[in-house]
Amino acid sequence: MPEVRVRGRALPVEAGKCLLDVLQGAGLPVTSSCRAGHCQTCLVRSDSCAIPASARHGLGAAQRKQGWLLSCQCPVQGDLDIQLLDPARDGTPATVHSLDWLTPSLVRLRLVPQRAVRFAPGQHVTLWLDDRLARPYSIASLSGDPWLEFHVRVHSQGIFSREISRVDVGRIIHLGIPTGHIRFDTQWLEHPLLLLSRGSGLAPIQAVAREALNQGHAPGITLWHWHSDTDDGCYLGEALLELQQAHPSLTLHLHHAKQLAADLQRLHIASRRTVALAAGSPTFVEQLRRPLFMAGLPGRQIIDEAFATGRA
Ligand SMILES: Cc1cc2nc3c(=O)[nH]c(=O)nc-3n(C[C@H](O)[C@H](O)[C@H](O)COP(=O)(O)OP(=O)(O)OC[C@H]3O[C@@H](n4cnc5c(N)ncnc54)[C@H](O)[C@@H]3O)c2cc1C
Ligand code: FES
């Protein structure tokens, strides 16, 4: 029977058991969110040879070199020596600058990191409130902004979102390494962009639009946003209309979620060179696949991010 050695303990483990379950089952402080390999909240470190490749899928070269792995994607196949992530040691401290309610259930959080953080607007980063509570959120601000901005939907039974919506200004929280493929790539300067978001999926999508326009993108950006039942219109409607006035190449469709199905039926793309980026709930992202395919967009030109919560 394989053994997981961690913090001076030796845990006998049934072969094939998920490392995250082993660590959390033993009461150790390991955070998790999506449990599907997307969010990086479950990182631990190990130099052992018995780590399957799946446990390092999507990690950066520096993270791999340092031995990080996704414990939710690591079936235990042999003896493992594990070091737990300590947000205070391994993360970047950031001060809460402000919290503003943009709608009754959506809060804008601005954090000022104490060290420079390299990111592309639209990528996501893990926020740790402490060593047992963390979730990934998309970066809504641009690189030159004085803070990192996040748009957090506050769920009535959500453990993290309720907690973060009540933090005091000045509190320190810790950040992981920005990651993810929702970002503007300068290779797309000659490609029309189709940007699709629902709810707080607008956070990364509007960041990509603003970054593309700042980079001089001209072939046309079409941005669709479907706002939730609970919101009274698009929560960034005014700012987006101002952006459109400054950049006529931006076309906006800001609709209520009840129009989503009908809108998707008549979705069309400006050209076969269009690149589509989408963000929102897993159901929303799934719902887009067929209409985008039917509109003639090849799969390699569709980049999406599902805000998986780890709960069905
Ligand atoms: C790559 C990525 C980027 C993301 N970016 C964003 C972003 O920019 N903005 C954003 O708002 N979110 C984002 N998310 C989602 C975010 O990480 C959290 O998953 C989300 O905020 C929910 O966290 P929570 O702690 O509030 O809810 P959790 O406690 O994790 O619960 C998850 C869901 O289950 C529901 N729930 C909890 N308890 C119960 C119960 N007993 N019965 C029934 N339902 C229950 C909650 O209401 C919630 O909807 C992103 C996720 C990923 C993977
Ligand atoms: S990547 Fe492991 S919990 Fe999300």
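Trainee: How far does a polar side-chain atom of Ser 138 lie from a nitrogen atom of ligand 1?
Mentor: Happy to start there. This is a predicted model, where local features need pLDDT of at least 70, side-chain atom pairs count only at pLDDT 80 or more, and totals for chains, interfaces and linings use all residues. Side-chain values use heavy atoms, leaving out hydrogens and water, while residues are numbered from 1 along each chain as its sequence is written, and chains are lettered from A and ligands numbered from 1 in the order in which they are written. A polar contact is a pair of N or O atoms within 3.5 Å, and for Ser 138 the distance is 3.1 Å.

Trainee: Which residue has a polar backbone atom 2.6 Å from an oxygen atom of ligand 1?
Mentor: Let's set one side-chain case beside it: Arg 135 places a polar side-chain atom 3.0 Å from an oxygen atom of the ligand. The backbone atom at 2.6 Å belongs to Phe 160.

Trainee: What share of the area of ligand 1 does the protein bury?
Mentor: Accessible areas here come from the Shrake-Rupley method with a 1.4 Å probe. Taken alone, ligand 1 exposes 970 Å², and the buried share is 83%.

Trainee: Which residues come nearest to ligand 1?
Mentor: Good one to check in the viewer. A residue is near the ligand if one of its heavy atoms lies within 4 Å of it. There are 22 residues around ligand 1, and those that come nearest are Pro 136, Tyr 137, Arg 153, Phe 160 and Ser 161.

Trainee: Where do the bounds of domain 3 fall?
Mentor: These bounds come from an automatic or database domain assignment. Domain 1 covers 3-85 and domain 2 covers 88-175, and domain 3 has the bounds 186-306.

Trainee: How many salt bridges does the rule find across the interface of domain 1 and domain 2?
Mentor: The rule asks for a side-chain nitrogen of Lys or Arg within 4 Å of a carboxyl oxygen of Asp or Glu. Between these two domains, 5 residue pairs are in polar contact, both residues at pLDDT 80 or more. The salt-bridge count is 0.

Notes. A polar contact is a pair of N or O atoms within 3.5 Å; within protein, one must be able to donate a hydrogen and the other to accept it, and residues adjacent in sequence count only if both atoms are side-chain atoms.
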